Structure formats: C-alpha cells, structure tokens
Amino acid sequence: MKFQTVSSPHKLGQTSVSRVMLKVLAALIPGTAVATAFFGWGVISNIVLAVGFALAAEAAMLLMTQRPVLRSLCDLSAVVTAWLLALALPAYSPFWLIAVGIIFAIVFAKQLYGGLGYNPFNPAMVGYVVLLISFPVYMTQWPEPTLGQPPLSIAETLQWVFGQRSDSTLDALTGATALDYSKIQLGQGATLNQIQSHAAFGHLGATAWEWIAVAYALGGVALIFLRVMPWHAPVAMLATLFGLASVFQLFDASQFHGGIFHSLSGGVMLGAFFIVTDPVSGCTSNRGRLYFGAGVGALVFIIRTWGGYPDGVAFAVLLMNMAAPMIDYYTKTPVFGTQTKGGERG
Amino acid sequence: MFSDLLVSYGLILLGTILVNNFVLVQFLGLCPFMGVSKKLETATGMALATAFVLTLASAASWVVENSILQPLDLVYLRTPAFILIIAVLVQFTEMFMHKKAPLLYNVLGIFLPLITTNCAVLGVALLNVQKDHSFMQALVYGFGAAVGFCLVLVLFAAMRERLEAAEVPAAFKGAPIAMITAGLMSLAFMGFSGLISH
C-alpha cells in the first residue's frame with residue numbers, strides 16, 4: 001500500500017506577478033481619473049500610446065533574446081511601467097516623445113539587464129530622466145488644468161499628438177506649474193508671499209495637482225493596506241520631505257515652501273507610492289527600505305530647493321537606486337542564530 | 001571671514017563630489033572605474049589608494065607649480081613635472097601597500113601602478129592651475145575629487161556585484177552592460193546640475 005505524502009506548504013498564496021501588477025494598475029485608476037478630469041484626453045492618449053509602445057518594445061526584445069514572449073507580456077510589468085511614465089509626462093505629449101521614453105525605459109533600463117527582476121534602475125524613471133534631459137521644452141509644457149471641460153476634443157487631441165502643434169494654441173493651452181513658477185521667481189529674488197497669488201498655486205499645494213496627488217495617495221494607501229507592498233519606503237520618503245521642508249519653513253518662511261506644498265505638488269505622491277515601492281530597484285530589507293525612502297525624500301528637497309530642476313523625484317529615485325545595493329550590503333538581515341556583540345540573538 | 005572661508009571650501013567639496021563629479025560628470029578616471037569595479041572589496045581598496053594619491057598629488061603639484069615652475073619660468077615643463085610627482089606618489093603608495101596589505105596588493109595587481117596614468121589625478125593637478133586655486137583650495141579640491149571618485153566607484157562595484165546574478169543577454173554580458181550602467185548613473189548625477197551656481 002502506498003501513502004501519498006505531500007510536503008508543505010499546503011496553503012498556497014494567491015500572489016503572482018500579474019496579480020500584483022493588476023492591483024497596482026487598479027490603485028492607479030483614481031489618480032488617472034482625477035488627472036483626466038483636470039487635463040482632458042491628453043492623459044488618456046499618453047497612456048494608450050505608452051502602453052502600446054511598451055508592449056511592442058517588450059515583445060521585440062523578448063523575441064531577440066529568445067525568451068517566452070507571451071508569458072512575459074502577460075505579467076503586465078511593462079504595462080505598469082508605461083502607465084507610470086505616461087502619468088509623469090505632460091498631457092498631450094507627441095507620440096515620438098513617448099516612443100523615445102518607452103524605448104529607454106523598456107529596452108535599456110529593463111530588457112538589457114535581463115527583464116523583470118534584474119533592472120537596477122526604475123525603468124519609468126530612466127525613461128523620464130532621458131526625456132527631461134534631451135527634450136526639456138516638451139517636458140515642461142503642461143496644459144493649464146481646467147476642471148470638467150477638456151481643452152481639446154478627441155479629434156483635436158489626436159491631431160495634436162500625431163503632428164501639428166501650432167505655437168499659438170500651445171501658448172493658450174500651457175502654463176507654468178507651481179514648481180516651475182516658484183523656482184524661476186525665487187531665483188529672481190521674489191518672496192513666497194508675492195508669488196503665491198499666481199493661479200498655479202492652489203489651497204494646499206499646486207492647483208489641480210493637489211487633488212491628483214490626493215487621489216494617488218488614496219490608491220497607494222489602499223495598496224499598503226492590502227499588503228501589496230510594505231509601508232516603509234513611502235512613509236520614510238514623505239516624512240523626510242515633510243520634516244525637512246517644515247524645518248526650513250520655520251527658518252525662513254519667505255523663501256522655503258512648507259511640507260504640505262512639497263508633498264502635494266509635482267510627482268511626490270506618484271513617486272512615493274508607485275515608484276519608490278518598486279521591489280526590484282529598491283532595497284530588500286525593511287530597514288533598508290526606510291533608508292532608501294528617506295534618501296529619496298531628502299534628495300527631492302535638495303534638488304527642488306537648490307538644484308537646477310523644478311522637480312527632483314525622478315533624479316532622486318535614480319540616485320537612490322544607485323545606492324540601493326550598497327544599502328542592502330549594510331542592512332543585511334542577520335542569519336538566524338547569529339550572536340551579536342551584546343550576546344543577544346540578532 | 002573664517003566662516004566665509006569654510007563655506008567656500010564646503011562649496012568646492014560639494015561641487016567636486018556631486019555636481020562636477022570627476023567620473024560621472026567630467027568623465028575622467030574611467031579606466032579604474034571600469035577595471036576594478038567587479039568586486040566590492042578590491043574596489044574599496046583601489047578607491048582608498050587612488051584617493052590618497054589624488055589628494056597628495058593635488059597639494060604636491062601646487063607646491064611645485066608655485067614654488068619651482070612659475071618662479072623659474074619653466075611652466076612649459078608642467079605636464080612632465082606633474083606626471084613625475086604622481087609617479088613618485090604612486091610608487092610610495094605601492095611600497096606602503098606591499099608591506100602593509102600584501103593581499104590587496106596582489107589583488108589590485110597592474111591597476112595599482114596604473115594609478116599613475118589615471119587621468120583624474122593629472123586632471124585635478126592641471127585644473128588647480130587653470131582655476132588659479134590657493135594651496136588650501138587645491139588641497140580641498142583634490143580631496144573632494146578623491147571622495148567623489150571613491151563614492152561612485154564603491155556604489156558602482158556594489159551594483160556590478162548584483163549584476164553578476166542578472167540574466168543579461170549574451171551580447172551585453174560583462175563590459176557592455178557595465179558601460180550602460182555607468183551611463184545611467186551619469187544620467188542620475190545630472191540631477192545635481194545647477195546645485196551650485198559658479
């Protein structure tokens with residue numbers, strides 16, 4: 001007689017890459033919806049084009065490196081990368097801009113390193129930084145937020161994205177974001193009181209951006225409560241940014257924005273909940289994640305306040321990606337049973 | 001007065017470590033950056049050895065430039081003179097390491113004498129002359145360049161150790177993917193541009 005013995009684990013979890021990615025995409029929907037309400041069809045066109053290019057680039061690379069194409073496409077990681085990059089780009093970006101960004105994100109930052117799980121840098125942020133350095137003019141043309149009335153119809157959006165951008169419409173459509181505006185004005189010696197009456201400043205942060213940020217944060221907090229990702233990195237990043245900004249505001253309120261403005265403007269919330277939490281390019285231990293997040297928060301504040309770029313989230317993430325292996329090296333979880341100096345179990 | 005001086009030294013340090021990092025922004029000293037970054041331990045040893053030579057060479061070349069070459073009107077001998085100083089310093093470091101850290105000496109091998117030809121070392125000495133630095137400024141400039149070099153070399157080595165496990169496509173294994181990584185690191189360092197207005 002033969003007894004079947006089954007070894008543990010007996011209860012299998014429901015986690016797979018595609019399920020996690022689906023949850024992340026679902027958590028992005030509130031933010032995407034609010035962004036669409038403020039900026040119109042340009043947000044959707046960005047996402048559709050980016051996802052299309054990303055799937056094509058991923059498939060091409062998988063074919064060339066002779067890996068299973070369908071299985072990797074179905075894990076949805078390329079879709080998440082493309083979606084994040086599309087949300088970070090100004091709405092109504094021309095198609096070639098999106099294509100260049102996606103090629104750098106998917107081909108250079110991800111597939112050349114061996115695909116999902118090996119990329120040392122966050123692919124979406126690599127794509128964003130390449131575009132920011134190569135095409136700074138296109139990367140700062142954000143449309144003026146108009147709630148509920150899209151500035152361009154669908155047909156106009158397509159025309160705009162695939163070619164004819166007339167400069168007169170461009171001037172009418174776009175305006176400086178609060179971060180751009182305050183960087184330029186503070187650089188010319190203005191004080192915050194003088195510039196905060198500008199239309200780009202809202203109640204808490206920047207007009208429209210504050211609500212988009214809140215929507216991203218809602219999605220992100222839901223992900224943390226569903227235990228899709230740990231809380232350490234986003235909390236450390238936001239706390240560091242908020243703390244530094246508050247200290248400097250106490251020091252000189254006419255030159256430094258407060259913590260709430262910093263947290264609710266630019267790409268901070270998107271970065272905190274969807275970029276810094278990247279399990280591949282970040283740190284592996286919880287202590288490491290705290291250092292990683294704190295580093296990103298501090299670098300964002302430094303680059304925004306004293307650097308040449310109005311928003312530093314993408315650079316801060318790449319710089320900390322660089323440091324992540326080193327942080328991991330120093331925050332290794334001790335092997336069970338290791339004796340520390342004090343004689344305690346590590 | 002004293003605090004102004006400190007601030008100016010601080011700015012030189014910040015500038016050489018981050019904003020104008022010798023490796024990632026000015027692209028000097030790439031050979032050891034690529035050559036000895038495969039293992040974290042050797043990279044740390046190399047970084048410290050180069051840092052020592054860089055700082056001393058920066059100060060020594062300033063002294064030679066300002067007390068020998070310029071008074072005697074021999075500035076056309078600047079390049080060979082600086083290379084001679086660097087070579088002497090490297091020889092000294094090599095002898096010291098041979099005695100004190102023979103294992104590291106063997107591991108570093110040919111790369112140790114090659115510090116002589118590290119363009120960052122000569123670059124710092126020549127930039128000191130070009131920028132008309134004072135002795136203290138030259139010392140701080142050399143030290144900042146050394147710290148910046150150490151920082152990126154050690155970070156790069158840690159990244160490359162992790163890359164060893166990655167399933168990099170055959171054509172990109174080894175040096176090519178290291179080059180791409182270095183390029184992406186340089187991209188990240190562009191974020192520091194404008195941090196200090198000159």
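**Close-up views of a predicted model**

A:D328 is buried, with a relative accessible area of 9% (buried means under 20%, exposed over 50% and partly exposed in between, for a 1.4 Å probe and protein chains only). The model is predicted, so local features need pLDDT of at least 70 and side-chain atom pairs count only at pLDDT 80 or more, while totals for chains, interfaces and linings use all residues. Residues are numbered from 1 along each chain as its sequence is written, chains are lettered from A and ligands numbered from 1 in the order in which they are written, and side-chain values use heavy atoms, leaving out hydrogens and water.

**View 1. A:D328 and B:R162 form a salt bridge.** The closest N and O atoms of the pair are 2.3 Å apart (a salt bridge is a side-chain nitrogen of Lys or Arg within 4 Å of a carboxyl oxygen of Asp or Glu). A:D328 lies in helix α17 (residues 313–330) of chain A and B:R162 in helix α7 of chain B, so the pair joins two chains. Helices here are DSSP runs of H or I with at least four residues, strands are runs of E with at least two, and both are numbered from the N terminus. B:R162 is partly exposed, at 34% relative accessible area.

**View 2. A salt bridge links B:E167 and A:R67.** Their closest N and O atoms are 3.3 Å apart. This pair also crosses between chains: B:E167 is in the loop between α7 (135–163) and α8 (175–189) of chain B, and A:R67 is in the loop between α2 (41–64) and α3 (69–74) of chain A. Both ends are partly exposed, B:E167 with a relative accessible area of 42% and A:R67 with 21%.

**View 3. A:R304 and A:D311 meet through their side chains.** The N to O distance in this salt bridge is 3.0 Å. A:R304 is buried, with a relative accessible area of 6%. Over all chains, the whole structure holds 5 salt bridges.

**View 4. Helices α13 and α16 of chain A pack together.** The axes of α13 (residues 232–251) and α16 (residues 286–306) come within 7 Å and cross at roughly 35° (axes are lines fitted to C-alpha atoms, for helices over the stretch in contact, with angles from 0 to 180 degrees between N-to-C directions).

**View 5. Helices α3 and α6 of chain B pack together.** The axes of α3 (residues 40–69) and α6(B) are 9 Å apart, at an angle of about 40°. Here too the crossing is right-handed. The residues that meet include B:V53, B:L54 and B:E65 in α3(B), and B:A120, B:V124 and B:V129 in α6(B).

**View 6. B:K131 lies in the loop between α6 (119–130) and α7 of chain B.** B:K131 is partly exposed, with a relative accessible area of 43%. B:K131 and B:M159 are 28 residues apart in sequence and 34 Å apart in space, C-alpha to C-alpha.

Key
Left-handed = near helix turned anticlockwise from the far one by under 90°. Contact = heavy atoms within 4.5 Å.
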